[in-house]
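Biologist: Hi! Could you walk me through this model, starting with how you decide what is buried?

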Amino acid sequence: MVSKLGVDIEVTGLTKYLGEKVLYENFDLKIARGKITCIFGPNGCGKSTLLNMMAGLLTPDAGQMRFGTEVRSSGRTKTIQKKGQKSSTNNSRNESPVKIGYVFQNYRDALFPWLRAAENIEYPLLSAGLSRLQRKARVETLIHQFDVGFDLSRYPYELSGGQQQLVSIMRALSTQPNILFLDEPFSALDYEATLAIRDKLQEVFTATGVTIVMISHDLEEAVYLADHILLLTKRPTRLAERVVFEAQRPRTLKTLSEPAFVSTKAHSLEVFRREAS
Amino acid sequence: MQYPRQQTTEQPIQEKSYLSNFSTKLSPFLVANTGTLVFLFIWWLVTALGIIQAVLLPTPIATFSSLWAGITSGDLLLDFWLTLYRTLYAFVIASILGIPLGLLLGANEKLYKSFEFLIDFFRSTPATAMFPLFLVVFGIGDFSKVAVAAFAGALVVFFNVAYGVMNTRKTRIMAAKVMGVPKWRVFVDVIFFETLPQTFIGLRTAVSLTLVVIIVAEMFVGSTNGMGQRIIDAQQVFDMPGMYASIIATGVMGYGLNQFFLLTENKFIHWKGQ
């Protein structure tokens, strides 16, 4: 079951312009299934844009993406967009059994404040057509999985930042997605909440085997969580290096002082310094 | 030596705590109403000293007894009700027209842009300038007054709703999209709720505006009843206490409507400002 849930991603020939500037040109990327992949790179290299294109929130100017066995997003030429082509893209998107979860950096803007925390978590299931009982059962499972100790019948704005981001993660996982995208999920949180949530994320990952793709602005955090660290260059963005870190899970605070961790982090920092300047 | 000292220290403390107890009970009322009480006192003082002639400014007592007489005899209540009825009638029409149009144009930025000049033009045109036109179209009856007020209110509702839709937080829409929620559901489940706070601002502004237009229409556009007519009738016969009483009653209506909307707003849009 562990290996079934997560799927791999392959991006080929991805091209994206920002106005006149080239952000990505003929960019290729592979993301292994059932692994945690962290993306790290200099400011403005388009990490979020890459994530949004993979999640289908942004349309690339060219290129192809494959999720597991299916092609989900095909590129379009910048000027001409045929009607037929567009609808066929939409069709393949709708029929797709590959499910995506997405956690935004700014939980305050991403959660629905008019719904209670539990209703937020249920919302993706509601639009997927699940019955009330099924939804309740799924939320119960998630509460158990994440060992939630606060009241989910409260509204998001009544919760702390860490609790809100936890609710966001639970919402993203409620449909049991094959891939979970996280865009700097800890950058708006205090250190205590970050430690707690990233360990819960690791636990849930170990239990489910979902493919996780996360953007991080903190190299220590990236190496701590990741199996693969993708180091990107500055614009036009290329993949500088794929660093593999295979320490055992669950990783703990002890991992942070192990020689393998220290050397991986040092090496990544060196690559980053070289490519960012 | 010690005994008297104890007494002197204890007594003021007792007195103080009694006083502070009294003032904590009274202070919220005082904080909220001192301004009003001072205003009423100055009003009374000015009339009692004869600084302003009674023809221009009657005493508070004469005014409030006139108000009381109007209420007990029922004729002020009838006018009050008629004005309230017209205002709410106009407001309902304004909402029925303004909300769907605002949602529609707010969601289609190109469509909104193409109407932008027209919208700004009519928003800047005083609604009262439209009276003659509406009189021609709807006749001299009650409905032409309601129609002008509804027109003015609908523009305000429309503008606020459209503005609200255009300024929805993109992250929440993206969050719903990435869940695979169909477009119409994003609109109903996310954009509509995102727009609610701004919609309520529009509704609150619109109800105040429709009241203004209705009062003016009642004064000058061939009316035989309503608070506007009542105020101007009292002025014509120099019934100053009656005029002031009617002005106060109209103020109560405006204040009440505004408070009602604020309370509804705070109850339904609990997430506002969070």
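Modeller: Happy to. A residue is called buried under 20% relative accessible area, exposed over 50%, and partly exposed in between. With 30% relative accessibility, Phe122(B) therefore counts as partly exposed. Keep in mind that this is a predicted model.

Biologist: Good to know. What sort of aromatic pair do Phe121(B) and Phe122(B) form?

Modeller: Phe121(B) and Phe122(B) pair edge-to-face, with 5.5 Å centre to centre and 80 degrees between the planes. Phe121(B) is also partly exposed, at a relative accessible area of 44%.

Biologist: Which aromatic cluster does Phe122(B) belong to?

Modeller: One aromatic cluster is formed by Trp81(B), Tyr85(B), Tyr89(B), Phe117(B), Phe121(B), Phe122(B), Phe134(B), Phe138(B), Phe143(B) and Phe151(B).

Biologist: And how many aromatic pairs are there over all chains?

Modeller: The count over all chains is 27 aromatic pairs. One of them is Trp43(B) with Phe64(B), a tilted pair at 6.2 Å centre to centre and 50 degrees between the planes. Trp43(B) sits in helix 1 (residues 2-48) of chain B and Phe64(B) in helix 2 (residues 60-73) of chain B, so this pair ties together parts that are 21 residues apart in sequence.

Biologist: Where does an Arg lie over the face of a ring?

Modeller: In chain A, Arg198(A) lies over the face of Tyr224(A), 4.3 Å from the ring centre. In chain B, Arg123(B) lies over the face of Phe159(B), 3.8 Å from the ring centre.

Biologist: Switching to the interface. How many residues does the contact take from each chain?

Modeller: Chain A gives 20 residues and chain B gives 18 residues. About 1900 Å² is buried between the two chains, and carbon and sulfur atoms give 70% of that area. On the side of chain A, Asp109(A), Trp114(A) and Tyr157(A) lose the most area to chain B, together 37% of what that side buries.

Biologist: Which residue forms a salt bridge with Asp109(A)?

Modeller: Arg169(B) does, and the closest N and O atoms of the two residues are 2.4 Å apart. The rule finds one salt bridge across the interface of chain A and chain B. It also finds seven residue pairs in polar contact across that interface, both residues being at pLDDT 80 or more.

Biologist: Which elements of chain A give two or more residues to the side that touches chain B?

Modeller: Those are strand 6 (100-103), helix 4 (107-110) and helix 5 (117-127) of chain A. Helix 5 of chain A provides the largest share of that side, four residues.

Biologist: Tell me about helix 5 of chain A, then. How many of its residues are buried?

Modeller: Eight of its 11 residues are buried, and helix 5 of chain A is mostly covered. Among the buried ones are Asn120(A), Glu122(A) and Tyr123(A). The cover includes helix 6 (132-146) and helix 7 (161-173) of chain A, together with helix 8 (183-220) of chain B. Just after helix 5 of chain A, Gly129(A) has a positive phi of about 90 degrees.

Biologist: Which residues have a positive phi although they are not a glycine?

Modeller: Asn26(A) has a positive phi of about 50 degrees, and Asp147(A) has one of about 55 degrees. Asn26(A) lies in strand 2 (residues 21-31) of chain A, and Asp147(A) is in the loop between helix 6 and helix 7 of chain A. Asn26(A) is exposed at 58% relative accessible area, and Asp147(A) is exposed at 59%.

Biologist: What about cis peptide bonds, where do I look?

Modeller: One joins Arg235(A) and Pro236(A), with omega about -15 degrees. Pro236(A) is in the loop between strand 9 (228-232) and strand 10 (239-244) of chain A. Another joins Arg249(A) and Pro250(A), with omega about -5 degrees. Pro250(A) is in the loop between strand 10 and helix 10 (259-276) of chain A.

Biologist: Last one, back in chain B: what is Leu105(B) in contact with?

Modeller: Leaving aside neighbours within four places in sequence, Leu105(B) is in contact with Leu111(B), Tyr112(B), Phe115(B), Ile119(B) and Phe158(B). Leu105(B) belongs to helix 3 (residues 75-107) of chain B and is buried, with a relative accessible area of 7%.

How values were computed
Residues numbered from 1 in each chain as written. Chains lettered and ligands numbered in written order. Predicted model: local features only at pLDDT ≥ 70, side-chain atom pairs only at ≥ 80, totals over all residues. Heavy atoms only, no water. Phe/Tyr/Trp six-rings, centres within 6.5 Å; stacked < 30°, edge-to-face > 60°. Buried < 20%, exposed > 50% of the residue type's maximum accessible area, 1.4 Å probe, protein only. Lys NZ or Arg CZ within 6 Å of the ring centre and 35° of its normal. Contact = heavy atoms within 4.5 Å. Buried area = accessible area lost by both parts, 1.4 Å probe. Salt bridge = Lys/Arg side-chain N within 4 Å of Asp/Glu carboxyl O. Polar contact = N/O pair within 3.5 Å; in protein donor to acceptor, adjacent residues only side chain to side chain.
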